[in-house]
Amino acid sequence: MKDSDIDTFVQEIIGWYSINKRDLPWRHTQNPYYIWLSEVILQQTRVKQGLPYYEKFVNQYPNIEDLAKASEDEVLRTWQGLGYYSRGRNLHHTAKYISLELGGVFPGDYVSLLKLKGIGKYTAAAIASFAFGEQVAVVDGNVYRVLARYFGIETDIASSEGVRKFAELAQKLIPADDPGTYNQAVMEFGALQCTPQKPNCLFCPLQTTCKAFHQGKQHILPTKISKLKSRERHFHYLVLCQEGDLALKKRGADDIWGGLYDFPLLESGTAVSWETLLYENKLEAFSENLRLQQESALFKHTLTHQKILAKFYQVVVLPPGLPKEWLENQQFAFYSWEAVQNLPKPILIDNYLKKKFLIK
């Protein structure tokens, strides 16, 4: 590849960006905290959905010390609805580490940023180039798409060879004088111009030199051979209501929705009986104190590689109520309706409470 070809590509991309870029708040700052916050939120999240969350976090936690001082429940409640909740937990963990261990000073280079929890190669490159002007290339889905199409690269982007090949090419292209602007430009170009479906090739400034356009391969590239298959999971929730309060507990970090709160749960691939629900939740000894009030219709919730099919069984707990021993052994606690609203919950649980729950 000639230096003149690189210069042409870079100049066209930056020229397009200067005219077409979206006016987004994190593009008006070099504050690494705000840039980090925006990048974490926009992982697996569209700008339109992520922007209100970014504004909410900035208003609620205007600096990294404020975020560090918040509880995990508070942070996850603010994060609720964004999904991929490990991002929120890692965000909080890293904020505490920077505040307490680094004196509130954000690491200023790519290598140091990579050592922080929840910050991978892409996010480290984004912070390093946007905030500190380091010449390190970002490679996300948009960049893969632009480079694969423009240079006609058919290597699988999910393969180790593809990851290496695209990283080397991206680093070769990035200019030394303004790496942050170029990085933002090539990502924006992929998001708005060279889109996954129906790319705007007719009015593309790179049309005359784009290999995919001339070979008719825009809809084939980039090549990605998916290896992960979606699986279906069946959740059966017991919604225990005792004097208007609800029994919930915090989920562990070893499955989806780690750190969020939900009801007593039985996961089963088949339909289950009322007796089975009681037995699996160790409630059979208290069956006389439990009255099934409502069985919900099926709730469907789709994640990236999972499809959740859930049913909710609303149960009234009659006097004298459930013993403390059961609550302690099962790690549940009863929360008032007001308290439940402030707990971080999966959207599936939130939707049920808003749509089908009988008692408010």
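Predicted model: local features only at pLDDT ≥ 70, side-chain atom pairs only at ≥ 80, totals over all residues.
Lys198 lies in the loop between helix 11, residues 179-192, and helix 12. Lys198 has a positive phi of about 55°, although it is not a glycine. Is Lys198 buried or exposed? With a relative accessible area of 74%, Lys198 is exposed, because the cut-off for that class is over 50%.

Tyr84 also deserves attention for its backbone. Its phi is near 45°, a positive value in a residue other than glycine. Tyr84 sits in the loop between helix 5, residues 72-79, and helix 6, residues 86-101. Its relative accessibility is 37%, and Tyr84 therefore counts as partly exposed.

Let me stay with the backbone and turn to the cis peptide bonds. The bond from Leu221 to Pro222 is cis, with omega near 0°. Pro222 belongs to the loop between helix 12, residues 211-215, and strand 1, residues 231-242. The peptide bond from Pro319 to Pro320 is cis as well, and here omega is near 10°. Pro320 is placed in the loop between strand 7 and helix 14, the latter covering residues 324-330.

I now step back to the chain as a whole. The chain has 16 helices and 8 strands. Its C-alpha trace spans about 80 × 50 × 30 Å along the principal axes. Of the 360 residues, 48% count as buried. How many of the contacts between residues at least 6 apart in sequence join residues at least 24 apart? The share is 67%.

The largest nonpolar core has 95 residues, and the members that touch the most others are Phe9, Trp36, Phe263 and Phe312. Which residues does Phe312 touch, once those up to four places away in sequence are set aside? They are Tyr237, Val239, Phe263, Gln294, Glu295, Ser296, Phe299, Leu348, Ile349 and Tyr352. There is also a second, separate core, made of 17 residues, with Leu238, Leu240, Leu278 and Phe334 among them.

Strand 7, which I mentioned in connection with Pro320, covers residues 306-317 and includes Gln306. Gln306 has a relative accessible area of 13%, and it is buried because that value falls under 20%. What does the side chain of Gln306 make a polar contact with? The partner is the side chain of Arg233, at 2.8 Å. Leaving out neighbours within four places in sequence, the residues in contact with Gln306 are Ser230, Arg231, Arg233, Ile256 and His301.

I come now to helix packing. Two packed helices are described by the angle between their axes and by the distance between the axes.

Consider helix 3, residues 47-60, together with helix 5. Their axes come within 10 Å and cross at roughly 150°. Helix 3 is therefore roughly antiparallel to helix 5, since angles over 145 degrees fall in that class. On the side of helix 3, the residues that meet helix 5 are Tyr53, Lys56, Phe57 and Gln60; on the side of helix 5 they are Val75, Thr78 and Trp79. By class, the residues of this contact comprise 4 nonpolar, 2 polar and 1 charged.

Another residue of helix 3 is Glu55. At 39% relative accessibility, Glu55 counts as partly exposed.

To close, I return to two points.

How values were computed:
Residues numbered from 1 in each chain as written. Heavy atoms only, no water. Core = buried A, V, L, I, M, F, W, Y, C linked by side-chain atoms within 4.5 Å. Buried < 20%, exposed > 50% of the residue type's maximum accessible area, 1.4 Å probe, protein only. Contact = heavy atoms within 4.5 Å. Helix = DSSP H or I, 4+ residues; strand = E, 2+ residues; numbered from the N terminus. Polar contact = N/O pair within 3.5 Å; in protein donor to acceptor, adjacent residues only side chain to side chain. Axes fitted to C-alpha atoms, helices over the stretch in contact; angles between N-to-C directions. Parallel < 35°, antiparallel > 145°, perpendicular 65-115°, else oblique. Nonpolar A, V, L, I, M, F, W, Y, C, P; charged D, E, K, R; others polar.
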